[in-house]
Amino acid sequence: MIRIAAVGDIHMGPDTRGSLRPAFDTLPECADLLLLAGDLTRHGTVEEARVVADEIRGLGVPVVAVLGNHDHHDDRQDEVTAVLRDAGAEVLEGESTVVRAGDARVGVAGTKGFGGGFVGASAGEFGEPVMKEFVRLSRRCADGLRTALERLDEEGCDVRVALTHYSPVPETLAGEPLEIYPFLGSYLLAEAIDTAGADLAVHGHAHAGTEHGMTTGGVKVRNVAQPVIGRAFHVYHLPVRAHAGAGARTPTV
Amino acid sequence: MDTHDAARSTEYRVAHLQDRLASGELGELGVRAEVRGGAVLVTGTVPSAGCREDVLSTVREELAGLEVHCDLVVTETSSPDHAEELS
């Protein structure tokens, strides 16, 4: 069994320094790794990133993160990434990493993702340049996620997790105004997850959403935005299955 | 509606409040303001008590003279008491 701890949208700043550390210090007892689903800062400043870095440094479990839209606000996303990496976190954007949990190999593929909406109500790559770029960015993120998940499959991971900030499905947005769904996620992420296969998808971003959802292909989705889970993190126990082989999705009954 | 009335419209003031909360120095996209009857309901979860005060003070400034009901809570930071078993 793999124990995955996850939280997103911790929105840290100098006035919340140290607030999550007491809970994070319990992680080695209850989890094999910690996933951070973006929006780790409020405005994406280096100062705020340093607060996050101090919160996760030397935790005793591997930390894997993606950035969120807030972490891009100050246009310092590369510096924010560097500060978090310096604290020992893996920060993924269209990339993957493999973490050992006992004898098992846990693959995490990550991207911030972007908006665009869901099937039947999604934006198209048409019209003004900024509109086309909006959809292209979402597509690039989804393509990066799919490629990263496929790479993990080739590497023969026992468990694969898709980590995003934006949501791959509308179910976990329930509670948010319908009108803003196109700014909260994209079906392209779910399509990437279902095409490449994954055992769990974790995201944040939707503070008023709900925790549980599922992709069309049957991959469980969890919205771990801190306001949604109401805790410092949630823990998910994933069974280790026999590896299904390249390109195949683990069949479910 | 003449231009004077439009500028004072509750709906536009609420929209400007949301815009200021999100794009201003607070960067707060997790707070929702809705017109409910003759009052404005402000809800959401914020990272700290200080953030809550900042949001409330912005709300008071933007919606001065309107009846406002605030239900802003500060994020919980405790450890979970159980894990979810995924089959």
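**Exercise 1.** Which residue with a positive phi follows H4(A)?

*Solution.* We are working with a predicted model. Walk off the end of H4(A) and you meet Gly88(A), whose phi is near 105°.

**Exercise 2.** Find the buried residues of helix H4 of chain A, and work out why they lie on the same side of H4(A).

*Solution.* Start with the helix itself, which spans residues 77-86. A residue is buried if 20 or more other C-beta atoms lie within 10 Å of its own. In H4 of chain A, the residues that are buried are Val80(A), Val83(A) and Leu84(A). They share one side of H4(A) because their arc around the axis is only 95°. Now turn to the other side of H4(A), where Asp78(A) and Asp86(A) are exposed. Finally, look at the cover over the buried residues: it includes helix H3 (46-56), strand E3 (63-66) and strand E4 (90-91) of chain A.

**Exercise 3.** Move to chain B and describe its open sheet of three strands, then place the helices that pack on the sheet.

*Solution.* First, the strand order is E1-E2-E3, with mixed pairing. Strands E1 (31-36) and E3 (67-74) of chain B are at the edges; each has a single partner strand, so one side of each lacks a neighbour in the sheet. From one strand to the next, the twist averages 15°.

Next, take E1(B) and E2 (residues 39-46) of chain B: six bridges join them in the antiparallel sense. Arg32(B), for instance, has Thr43(B) in E2(B) as its bridge partner.

Helix H2 (residues 10-23) of chain B touches E1 and E2 of chain B, and its direction makes about 175° with that of E1(B). Helix H3 (residues 49-62) of chain B touches E1, E2 and E3 of chain B, with its direction at about 165° to that of E3(B).

Note on methods:
Residues numbered from 1 in each chain as written. Chains lettered and ligands numbered in written order. Predicted model: local features only at pLDDT ≥ 70, side-chain atom pairs only at ≥ 80, totals over all residues. Buried ≥ 20, exposed ≤ 12 C-beta atoms within 10 Å, placed from the backbone. Helix = DSSP H or I, 4+ residues; strand = E, 2+ residues; numbered from the N terminus. Arc of directions from axis to C-beta. Contact = placed C-beta atoms within 7 Å. Pairing = 2+ DSSP bridges. Axes fitted to C-alpha atoms, helices over the stretch in contact; angles between N-to-C directions.
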